[in-house]
Amino acid sequence: MYTQSGELVIISGVKIKLRPKFLKSMQLRIVVLLSLFAIVSSVLLKGLVLKNSEQRSVQTRTADIQNQCTILCNQLVSSNYLADTQSEVVNAELTQLSNIYNGRVVVINDEFRIIKDTYNLQEGKTIVSEEVVKCFKGKQITNYDAKSRYIEVATPIVNPESMQVAGMMLVSVSTDTIRDSVMVLRGKADIAQATIIIIFIILAVFIGMLLVRPLKRMTRSIDEMTEGYGENYLHEDAYNETKQISDAFNKLWDRYKVLDASREEFVANVSHELKTPLTSMKVLADSLLAQPEAPVELYQEFMGDLSQEIERENKIINDLLSLVKLDKRGANLNIKSENINELVERILKRLRPLAATRNIELVFESFRTVSAEVDEVKLSLAVTNLVENAVKYNKEDGWVHVALNADHKYFYLKVADSGIGIPKEETEHIFERFYRVDKSHSREIGGTGLGLAIARNAVVMHRGAIKVYSEPGEGTTFTVRIPLTYISQ
Ligand SMILES: Nc1ncnc2c1ncn2[C@@H]1O[C@H](COP(=O)(O)OP(=O)(O)O)[C@@H](O)[C@H]1O
Ligand SMILES: [Mg+2]
């Protein structure tokens with residue numbers, strides 16, 4: 001099981017460091033893996049080849065000896081050697097066999113007595129062993145002792161007339177020469193193995209470099225893009241994977257550029273909006289200063305205008321602060337279960353005086369009692385802006401209908417008015433910050449162009465949706481849909 005760092009593995013309680021820090025590099029990992037592969041496979045291969053060649057040598061040697069023994073045994077019978085061991089020809093042949101294979105030849109008669117031993121060690125002695133007994137049953141027996149390194153061949157001497165086993169010949173031959181040639185082979189194999197491993201390591205370094213190179217190029221390009229120079233987009237098509245990363249990165253980059261542009265536009269708009277009331281204030285103050293003898297009435301009038309501009313400046317700053325608070329991702333929402341009917345009633349009560357100034361009818365249609373998990377302050381901000389707009393962009397003696405409904409999942413708020421409406425092509429922009437359809441009219445009414453941006457942000461923070469339907473000259477309807485239970489990210 002890997003721990004979070006991915007570097008430890010725990011097998012039955014024993015901690016083993018599996019991925020040391022230096023293996024974090026892809027290139028190194030490729031080199032280490034390929035080298036390990038080369039070492040393991042070459043060791044296995046070498047072992048297999050050496051073992052096989054040793055086995056084959058032993059097999060051929062054994063077969064050779066078997067042949068020689070069979071031939072010699074026939075000769076022993078024909079020269080009646082078992083009865084008389086004085087035959088010089090046969091003795092010479094036995095000695096020759098012993099010399100060729102650097103081994104010992106023993107001839108045993110049917111009384112299990114050794115009648116000839118080329119090493120002259122046990123002549124005259126009796127020998128009874130498992131092999132001897134088996135051999136006397138007429139079977140040729142071979143045996144290879146890998147530990148003590150010798151081959152043993154026991155051949156029965158059969159009388160061709162009676163078909164009886166009259167004795168046996170036991171040959172034991174050292175395999176040291178085979179071992180020596182295997183050692184020579186092993187030396188050569190070691191050199192071959194080392195060469196293969198070195199070639200593999202060089203190959204691995206090369207492959208690693210080849211694989212990692214596009215990634216390094218990508219990092220460099222991204223660094224350059226971040227610094228603000230170099231290409232405008234990432235083009236790394238070496239592999240499908242790097243192409244996919246490039247494409248994904250370019251999308252992100254596009255999005256970043258759009259965001260950056262909108263941030264710049266926002267800052268420009270904010271400066272402009274904040275400067276406008278200040279410019280008016282300066283003009284008012286300057287013109288008063290230019291008239292030292294100005295009558296009190298003029299002073300009072302200008303001061304009233306100044307106060308209005310200050311109020312406007314204040315409103316813009318307040319709206320901006322609300323917006324900034326709502327703009328922050330994951331801004332602190334103070335979610336509580338609220339009675340939405342009461343929340344809307346409170347807002348309408350606050351706005352009734354404003355509606356009354358132009359004799360606008362403000363109606364609340366509530367289809368059921370709705371309680372939902374919302375941030376009361378932020379949702380109120382949104383609803384207030386919608387109802388305020390419906391009143392502000394209305395006709396004399398008009399109406400505003402606010403309707404609240406819900407199903408098992410969402411509640412729906414509808415704010416409809418009989419106002420001036422919004423032209424089709426403008427509806428997609430009205431939620432943008434500082435966007436106003438009719439700038440002079442809106443300014444006259446006291447708008448900042450931030451209200452709908454605030455409303456939309458507040459709704460989106462509740463994972464809701466806001467939509468607008470409008471017919472110029474007839475009226476506008478805003479619909480808001482918000483989940484009854486708050487869905488956290
Ligand atoms: N109910 C409405 N009827 C007509 N026009 C509207 C309505 N609500 C908003 N608008 C238009 O959308 C613009 C943006 O609205 P908003 O963001 O609230 O800014 P403002 O501060 O100007 O009210 C307004 O300037 C107005 O032109
Ligand atoms: Mg508004």
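**Labels and their cut-offs**

Tutor: The charged end of arginine 433 lies over the ring of phenylalanine 266, 4.1 Å from its centre.
Student: What makes a charge count as sitting over a ring?
Tutor: NZ of Lys or CZ of Arg must be within 6 Å of the ring centre and within 35 degrees of the ring normal. Arginine 433 is listed over phenylalanine 266 at 4.1 Å, and arginine 481 over the face of tyrosine 410 at 4.3 Å from the ring centre.
Student: What kind of model is this, and how is it numbered?
Tutor: It is a predicted model, in which local features need pLDDT of at least 70 and side-chain atom pairs count only at pLDDT 80 or more, while totals for chains, interfaces and linings use all residues. Residues are numbered from 1 along each chain as its sequence is written, chains are lettered from A and ligands numbered from 1 in the order in which they are written, and side-chain values use heavy atoms, with hydrogens and water left out.

Student: How many aromatic pairs does a search of the whole structure find?
Tutor: Seven. One of them joins phenylalanine 249 and tryptophan 253, with ring centres 6.1 Å apart and planes at 15°.
Student: Why is the pair of phenylalanine 249 and tryptophan 253 called stacked?
Tutor: Rings of Phe, Tyr and Trp (its six-membered ring) pair if their centres lie within 6.5 Å; planes under 30 degrees apart count as stacked, over 60 as edge-to-face and the rest as tilted. The centres are 6.1 Å apart and the planes are at 15°, so the pair is stacked.
Student: Where do phenylalanine 249 and tryptophan 253 lie?
Tutor: Both are in helix 5, four residues apart, about one turn of the helix. Helices (H or I, at least four residues) and strands (E, at least two) are DSSP runs, numbered from the N terminus. Ring pairs also link Phe249, Trp253 and Tyr256 into a cluster.
Student: What makes the pair of tyrosine 410 and tyrosine 412 tilted?
Tutor: The centres are 6.3 Å apart and the angle between the planes is 55°. That angle is in neither the stacked nor the edge-to-face range, so the label is tilted.

Student: How do you know whether tyrosine 410 is buried or exposed?
Tutor: Buried means under 20% relative accessible area, exposed over 50%, partly exposed in between (1.4 Å probe, protein chains only). Tyrosine 410 is at 18%, so it counts as buried. Tyrosine 412 has 32%, so it is partly exposed.
Student: Which label goes to phenylalanine 249, and which to tryptophan 253?
Tutor: Phenylalanine 249 has 18% and is buried; tryptophan 253, at 16%, is buried too.
Student: Why is glutamate 273 called buried?
Tutor: Its relative accessibility is 9%, so it counts as buried. Glutamate 273 is found in helix 5 (residues 240-289). Leaving out residues up to four places away in sequence, glutamate 273 touches Arg312, Ile316, Phe434 and Arg436, where contact means heavy atoms within 4.5 Å.

Student: What makes helix 11 mostly covered?
Tutor: Nine of the 11 residues of helix 11 (residues 451-461) are buried, among them Gly451, Leu452 and Met461. The cover includes helix 6 (296-327), helix 8 (376-392), strand 13 (465-471) and strand 14 (475-483).
Student: Where is asparagine 120, and is it buried or exposed?
Tutor: Asparagine 120 is in the loop between strand 4 and helix 3 (130-135). Its relative accessible area is 57%, so asparagine 120 is exposed.

Student: Why do strand 3 and strand 7 count as paired?
Tutor: Two strands pair if DSSP finds at least two bridges between them. Seven bridges join strand 3 (residues 103-109) to strand 7 (residues 165-174), so the two strands are paired, and they run antiparallel. In one bridge, asparagine 109 has glycine 167 of strand 7 as its partner.
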